[in-house]
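Good morning, and thank you for the time on today's agenda.

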Amino acid sequence: MKLDRRSFLKGAGASTAGCALVATLPGTLAAFEQQSLKPVGSEVNSICEMCSTRCPISARVINGKNVSILGNAAAKSFGGAVCARGGAGHSLLYDPQRLVKPLKRVGERGEGQWQEIEWHEAYQLIAEKLNGIKQKYGAESVAFSSKSGSQHKYLFHLAHAFGSPNTFTHASTCPGAYKYAASAMYGGGVKRDLGGAKYIINFGHNLYEGINMSETRGLMKAQTKGKAKLVVFEPRFSIVADKADKWYPIKPGTDIAVALSLCHVLINDNLYDHDFVEKYVAGFDEFADEVKQYTPEWAERICEVPAADIRRIAHELAAAAPHALVDYGHRTTFTPEEFELRRALYAANVLIGNLERKGGLFFAKKAKTYNQFAGDDAAPTLGKPGVDGMPTITAKRIDQVDQQFAMTWSKGGVYQSILDAALESKPYQLKGWVISRSNPMQTMTDRARVVEAMKQMEFVVCCDLYVSESAAYADVILPESTYLERDEEIFDKSSKSPAYYVRQRVVETIGDTRPSWQIWQQIGHALGLGKFFPWETMESLQLVQTKKDAKLLQEIKRQGYISYGVPLLLREPSYVAKFQATHSKARVADEDGSYASALKFKTPSGKIELSSTKIETMAPGRGVIRYREVTLKQPNQLFFIQGKVAVHTNGATHNVPYLANLMNDNAVWINPITAGHMGIKSGDKIRLYNDTGEEHGVALVTPGIRPDTVFAYMGFGSKNKELARAYGRGVHCGNLLPHVISPVTGMSLHTAGVSVAKA
Amino acid sequence: MTKRYVMVHDENKCIGCQACNVACRSENSTPDAVTRIQVRIEGPHGHYPDLHFKYHRVSCQQCENAPCVEVCPTGAAYVGDDGIISINKDKCVGCQYCIAACPYKVRFINPETRVPDKCDFCKHSRLAEGKQPACVSVCPTDALTFGDANDPSSDVAQLLDTRIHFQDKAHLGTKPRVYRIPGKRGGINQ
Ligand code: SF4
Ligand code: SF4
Ligand code: SF4
């Protein structure tokens, strides 16, 4: 089917509004003439990429022009469901504002003057500039950052081959702290079995708006089928607060007081699991000693949650234990004391002994572990491509200035340290920045400082689908193919049993875009580092993964998602019994019918470390979990907090047509009492300002927010006109958040003090 | 009438995520400017901190006594033998009486076909292929149930037999085939 541009866009059901505005922007689909759409198959099972959950999807091309995206029904915990963002994939695919040709900056940085260039020209320019910087300042003066997920591995491989240790994911701007806290205590990441829980305590982990499909479904299943009780502590009346049995509008930044106080009651009232603690826990006495002082009455004064309620909730939690959990959250940027908060939340879980129990926390059972228990090859293990002779990097990372960040170095790093290094040569000067599908202008704090940092760079490369706010300040923008046009490697999606899935093309590439794995490989070649990229195609990489088993690869591709065996929770006898019934050579169970004796922790003590000497060495004074007062705002200011909405993903989707159509503005939530004092009514134009910046927005007067707090959904208010549907609409949160590097975790801070006035 | 297709929307389970809205668009090629289905999150109602939201599905109710069919001068708006209200493009003269008559304000002119359009339970897209409506298939929380209420063993029949439910603007006598299970303050009640 051959279509010209006009009928192509019309056929795709794309809106023509906004076309005129951007028709002059080179490199976009609107400026691209001849085009045809070729479906790869009638129905393709693949992986979504509209947020970082990456749900298994199933996509069909309808009437040769429309792509319908549903969930892959084979992935049981995902239930064949897909959220609004996932369903909107094809609206991104055909967006006339999407970038489909490499661009080179021709005006001043950030001025918006671009020229289309060919890929080989882009590669040549990049190789010349990056090698030049490497010669002059050393390879370490180039930072590489990427959204974590499929792309970051390839980019970081390039960074390593190039010789720079400075690689960053977005971890320190969102989920990092809960991961580091788990690693410090359990010796590795844990997952939550929400679906099996009878009692759930939630600290603003808004799973009904920040949708993570299997967890969202799990929570709903627990609430409906399991009749679980849900208690939510959150300053805003979110959807999860609405669906809770009880919502506490907790004072921002004080969650830790409730968490520690719950631990206090569990220990003080002798409600904790003695056997579990004795068998698996180190550092209990130090912790118990510390939490003695954290009574519910103490907590009430800090967080404004009634002491009697905290006490009752702790008792209810213990009564439901071990089939109960305290949700450790996802976005971990409430206060600089995230490390303490997330550890305190895990501590409550440790005390009720819910590890590897139904409705509790558990370790992912990847093929290797699972097969050991099964006594045979229940699930295939994946091979890894080895590359010989990768250079040894002697330069230190820019965030390696302080031992307390030791846990972050190999796990995403302190993203914000790029700004300090670029602007203050701390600890040394950065001169180049390669960014892949990461939008620090939206997701990092202090937008103005990000702009400054980019301006002082000698060379910036961005790989993205749109001219994102960050890409607008690049020297070269490389258009990546959307996830609907990419083949990628096989990913491990193991949960209670091993699972794999794979991303596959649904349609043939539109325009002149490339998948990022190929882009970084080709840049590797241009830089003269070809020998570190021995794979040629994605298929060859996939075959390395399946250890040349073409049949297995075909099967994973056909089904899109495959899980093996039955769910296994090591301390849940009924699960172990079913596991043994499924696998004839399975490990012999302990006397109590569980695999409890097999539970191991990769911590220095080999136990769960409620208090840790390792952390004490890294960050003196922090071995034991402790409350520290934080100042998040001045007395005359309001707390400014943000959150997620179900139809957008933080820094990425606000320009996608369907989604922009659903929501393209973020009104600022303000309590009627507060608004009344200021004479503000819903719909009034207001000004939010503080030392970091100033933003103009529209007020939404609602009782769904504390009187001392204002709220806005994140990711709106783009400041570059290339994102025509998002430009200037709503409040840009990053422009009001201060630049902070939190202790131990290196997290940024998303709670700020702001003044509000009628504009 | 052999079948009686109905939809049940459980407002307890609905999270207002709009997955149904988006899936319906791509499945039925709905142009950006118009919408067959939307779920409005209304509120919060009440007084801080005793609040609640309402989750209100706005889509064709597939009325048993359908005003849109009654006023249609050409028979373009018609009831199928499955109870689903459809539109015959060829018979439509564009008088827009049906749009004016619909008390639920869910009919619109499709800017591409120039003919009135609305939810038809995916009759011509997915039902024809033996699949569930798009909105039902994608709903993350299984808030939607669709099926033949004439079949006593169907999920919808069981829900309607066992759960308190209501219909929008029941006093108008339109007898909607979209049923709602009301949300209850203070958690989810199955
Ligand atoms: S998809 Fe389901 S949960 Fe989401 S708005 Fe629609 S009915 Fe509600
Ligand atoms: S809701 Fe409106 S369009 Fe649907 S059947 Fe009733 S009157 Fe007709
Ligand atoms: S039944 Fe079909 S047409 Fe109606 S709202 Fe659902 S998806 Fe849309």
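Let me begin with a cut-off: a residue counts as buried under 20% relative accessible area, as exposed over 50%, and as partly exposed in between. Please keep in mind that this is a predicted model.

With that scale, E64(B) has a relative accessibility of 33% and therefore counts as partly exposed. Its salt-bridge partner is R4(B), with the closest N and O atoms 3.0 Å apart. R4(B) sits in the segment before β1 of chain B, while E64(B) belongs to the loop between β3 and α2 of chain B, so the pair ties together parts 60 residues apart in sequence. R4(B), at 18% relative accessible area, is buried.

Over all chains, a search of the whole structure finds 58 salt bridges. One of them joins the side chains of E49(A) and R503(A), at 3.5 Å from N to O. This pair links distant parts of the chain: E49(A) is in the loop between β1 and β2 of chain A, and R503(A) is in the loop between β19 and α20 of chain A, 454 residues apart. Both E49(A) and R503(A) are buried.

A further salt bridge connects R437(A) and E480(A), whose closest N and O atoms are 2.7 Å apart. Here R437(A) lies in the loop between β15 and α18 of chain A, and E480(A) in the loop between β17 and β18 of chain A, 43 residues apart. R437(A) and E480(A) are likewise buried.

I turn now to helix α17 of chain A. Why is this helix described as largely enclosed by the rest of the structure? Six of the eight residues of α17, which spans residues 417-424, are buried, so the helix is largely enclosed. Among the buried residues are I418(A) and L419(A). The buried residues of α17(A) pack against β6, β7, β15 and α19 of chain A. After the helix comes S425(A), with a positive phi near 50°.

K221(A), in helix α8 of chain A, is partly exposed, with a relative accessible area of 44%. Together with K198(A), K225(A) and K358(A), K221(A) forms a patch of positive charge on the surface.

Methods: Residues are numbered from 1 along each chain as its sequence is written. Chains are lettered from A and ligands numbered from 1 in the order in which they are written. This is a predicted model: local features need pLDDT of at least 70, side-chain atom pairs count only at pLDDT 80 or more; totals for chains, interfaces and linings use all residues. Side-chain values use heavy atoms; hydrogens and water are left out. Patches are made of residues with over 30% relative accessible area and no salt bridge: like charges are joined within 9 Å, nonpolar side chains (Val, Leu, Ile, Met, Phe, Trp, Tyr) within 5 Å. Accessible areas come from the Shrake-Rupley method with a 1.4 Å probe; for residues, only the protein chains shown count as cover. A salt bridge is a side-chain nitrogen of Lys or Arg within 4 Å of a carboxyl oxygen of Asp or Glu. Lys and Arg count as positive and Asp and Glu as negative; His and the chain ends are not counted. The place of a charge is taken as NZ of Lys, CZ of Arg, CG of Asp or CD of Glu. Helices (H or I, at least four residues) and strands (E, at least two) are DSSP runs, numbered from the N terminus. Buried means under 20% relative accessible area, exposed over 50%, partly exposed in between (1.4 Å probe, protein chains only). Contact means heavy atoms within 4.5 Å.
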